[in-house]
Amino acid sequence: MAYESTDGGTGAGGAEPGASDSLRTFGAVVQALREHAGLSREEFGTLVGFSKHTVASVEQGRRMPDRDFVERAEPILGGTGALRRAAPHLSRQAGLASWFRQWARLEAQAVTLWTYECRVIPGLLQTERYARAVTESVPPVKDEGQVAKQVAARLERQQLFERRPPIAFSFIIEQALVERGTGGPDVMREVLDSLLERSSQFNVELQITPRYQPDHAGFDGPLMLLESPDNKWFGYAEGQRGGMLISDPKEVSITLQRYAKLRSQALNSEDSKGLLKQLRGAL
């Protein structure tokens with residue numbers, strides 16, 4: 001969701017993205033091995049051909065280690081192969097808000113992924129120009145580098161659509177989101193075309209909740225659900241400055257009940273496509 005704030009866990013209006021767990025863990029191992037070898041950062045940096053500042057950045061999880069760094073550090077820090085084996089599993093997760101990363105890791109392995117959104121088009125369905133428009137709209141003001149990083153992180157998540165075995169996707173979005181005009185007519189035409197294309201994929205179900213819906217199960221806000229490879233369900237809920245992973249079975253059950261009711265209240269897939277085509281034709 002957005003924050004998934006502007007949906008995608010990019011912290012568009014929230015905290016700055018920090019170091020990923022994998023980078024912090026790798027850095028802690030490097031530091032422990034360096035100290036065990038009795039080397040200062042400066043001494044170690046000289047041996048591997050990097051400055052002590054670069055060594056510090058790696059150890060603190062703020063920098064992705066270069067391939068040369070890993071290859072040179074390996075024999076100096078014991079030659080166990082641990083660094084070489086760990087390096088391919090490192091992830092920057094640049095542009096993702098810290099509170100969203102745990103969900104993003106689960107999402108990457110999901111077999112089923114359901115999303116209800118009432119604020120913005122879900123991050124997984126955003127076009128580049130829409131993502132940029134949303135990111136730039138939410139205070140605080142961001143420079144071009146921050147915007148580019150957050151947009152790239154959101155778009156990178158869309159690789160989930162190409163994953164094999166495929167994920168079973170379900171999206172429910174409010175009609176108002178495709179009528180708001182975010183980014184202007186050209187951007188919204190692009191968004192509507194993209195939604196129609198995505199909804200034609202065999203593993204994607206897209207439903208629109210109509211404007212008039214007096215009985216509504218989504219009054220508490222957006223929600224996400226996923227099923228893990230071992231068939232365990234998790235939920236995720238998010239506000240403006242943070243998110244919450246839902247793992248307690250009772251709370252997950254409540255979230256599943258709400259999503260089931262939202263599905264019954266939304267237009268079916270074919271009627272949703274018809275509405276999207278109608279809105280596209282009016283632009």
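Of the 283 residues of the protein chain, 49% count as buried (under 20% relative accessible area, 1.4 Å probe, protein chains only). The model is predicted: local features need pLDDT of at least 70, side-chain atom pairs count only at pLDDT 80 or more, and totals for chains, interfaces and linings use all residues. Residues are numbered from 1 along each chain as its sequence is written, and side-chain values use heavy atoms, with hydrogens and water left out.

The secondary structure comprises eleven helices and six strands (DSSP runs numbered from the N terminus; helices are H or I with at least four residues, strands E with at least two). Contacts (heavy atoms within 4.5 Å) were counted at a separation of 6 or more; residues 24 or more positions apart account for 75% of them.

Helices α2 (residues 41-48) and α4 (residues 67-76) pack at an angle of about 115°, and their axes lie 9 Å apart. Axes are lines fitted to C-alpha atoms over the stretch in contact, with angles from 0 to 180 degrees between N-to-C directions. The two helices are therefore roughly perpendicular (65 to 115 degrees). Phe44, Leu47 and Val48 of α2 meet Phe69, Arg72, Ala73 and Ile76 of α4. Six of these contact residues are nonpolar, none is polar and one is charged (nonpolar: Ala, Val, Leu, Ile, Met, Phe, Trp, Tyr, Cys and Pro; charged: Asp, Glu, Lys and Arg; polar: the others, Gly among them).

Thr209 belongs to strand β3 (residues 204-209). Thr209 counts as buried because its relative accessibility is 1%. Beyond residues up to four places away in sequence, Thr209 touches Ile172, Ile173, Glu174, Gln175, His216 and Ala266.

Notes. Buried means under 20% relative accessible area, exposed over 50%, partly exposed in between (1.4 Å probe, protein chains only). Angles under 35 degrees count as roughly parallel, over 145 as roughly antiparallel, 65 to 115 as roughly perpendicular and the rest as oblique.
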